[in-house]
Amino acid sequence: MEAIEHSENIGAIILHHVSNSEPLVPLHLFGLDISISKHVIMLWLAGALVATAFLLGTRRYRREEQPIPSGFSNFLELVVDFVHNQIVVPNVGRQYASFWSPVILAFFTLILTANFLGLIPFFDLIPGGGTATSNIIVTGSLAFITFMAVIVAGSLAHGVIGYWRNLAPRGVPWPVLFILVPIELLGMIVRPFALTMRLAANMTAGHIAMLAILAPIFLMANAWIGIGSVVLNVGINFLEIIVALVQAYVFTLLSSVFVGAAINPEH
C-alpha cells in the first residue's frame, strides 16, 4: 500500500512539474482570462532576452555605415546567416527570402531561448511546468502564426484567388477536385496541428523522463540507485540541450517549408 501511495505521489509530482502553474497574478479582461502564469513570465523573459540580444548585437550596424562585426555581433551574424541561407533561401527562394527571414528568425531565436530557459534549475523554484514551449497554447499560437503566414505568403505571391486556386494542380479532371480540395484543406489544418503537438510533446517528454528517473530514489531509498539516477539525469540533461536546439530548428524549418510551398506550389 505504501509503495502504491508513493507511486501516486510521484505521478502527481511529475504532472505538477510538466503542467503550467496556477495563475500567479489573476487577471480578467472583458470576460477573458489573461492571468499571468509561470509560462507567461518565461515567454516574456524569452522575448525580452531575444529583443535585448538583437538590440545590443546590431548596435554597431546602426551607428556605423560599414561596421566590422566582432564578439557577440559576430555570433549573432552567424545565427542570422544560418537561418537566412540554410533554412529560408532553400525553401522560400532567394526572391522572397529577405521578406520572410525576419519571421523565421524570430521563430528560431524565441523558441530556442524559451527551450533553454526551461533547462535552468532556477525556474523550478516557481511552481509549474518546466518550459513555456511545453505549453500547448504557446506552441499552438506559434503554429497559428505559421498558418497565417502561409496564407499571406501565397496571397502575396499569386493573389488571393490565385493562392486558393493553387490548392489543386492545374489540368486535374474536375470530378477529382471533389476529393482533392477537401484533402488539401484538411492538410492546411493538420500542418499547424502537427507543429503544435511536435514541439509541445518533445519539450515535455524530456522533463517527464528526468523526473521518472529520479523517482526510484524516493520509492526505494537506496543510495546506489540514487547515484545511478543522478548520473543518468546528467546524461539526459545534455540530451535535452540537443533536443532544445533540434526542436527550434525543426519548427522553423517546417514553417519555412510550408511558406515556401505556398509561394512555389509547383514544387
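These entries record what I looked up about the cavities in this predicted model.

Entry 1, basis. The model is predicted, so local features need pLDDT of at least 70 and side-chain atom pairs count only at pLDDT 80 or more, while totals for chains, interfaces and linings use all residues. Residues are numbered from 1 along each chain as its sequence is written, and side-chain values use heavy atoms, with hydrogens and water left out.

Entry 2, count. I took a cavity as a set of points, on a 1 Å grid over the protein atoms alone, where a 1.4 Å probe fits but cannot get out. Points are joined across faces, edges and corners, and a volume is the space filled by probe spheres set on them. I found two cavities of 30 Å³ or more.

The largest cavity holds about 70 Å³. I listed its lining (residues with an atom within 4 Å of a point) as Ala-143, Thr-146, Phe-147, Val-150, Met-188, Arg-191, Pro-192, Leu-195 and Phe-258. By class I noted seven nonpolar, one polar and one charged (Ala, Val, Leu, Ile, Met, Phe, Trp, Tyr, Cys and Pro are nonpolar, Asp, Glu, Lys and Arg charged, the others, Gly among them, polar).

Leu-195, Arg-198, Leu-199, Gln-247, Val-250, Phe-251 and Leu-254 line it. α8 and α9 (223-263) each supply at least two residues, and α9 has the largest share, four. The classes are five nonpolar, one polar and one charged.

Terms used:
1 Å grid on protein atoms, 1.4 Å probe; cavity = no way out; pocket = protein on both sides within 12 Å on 5 of 7 lines; lining within 4 Å.
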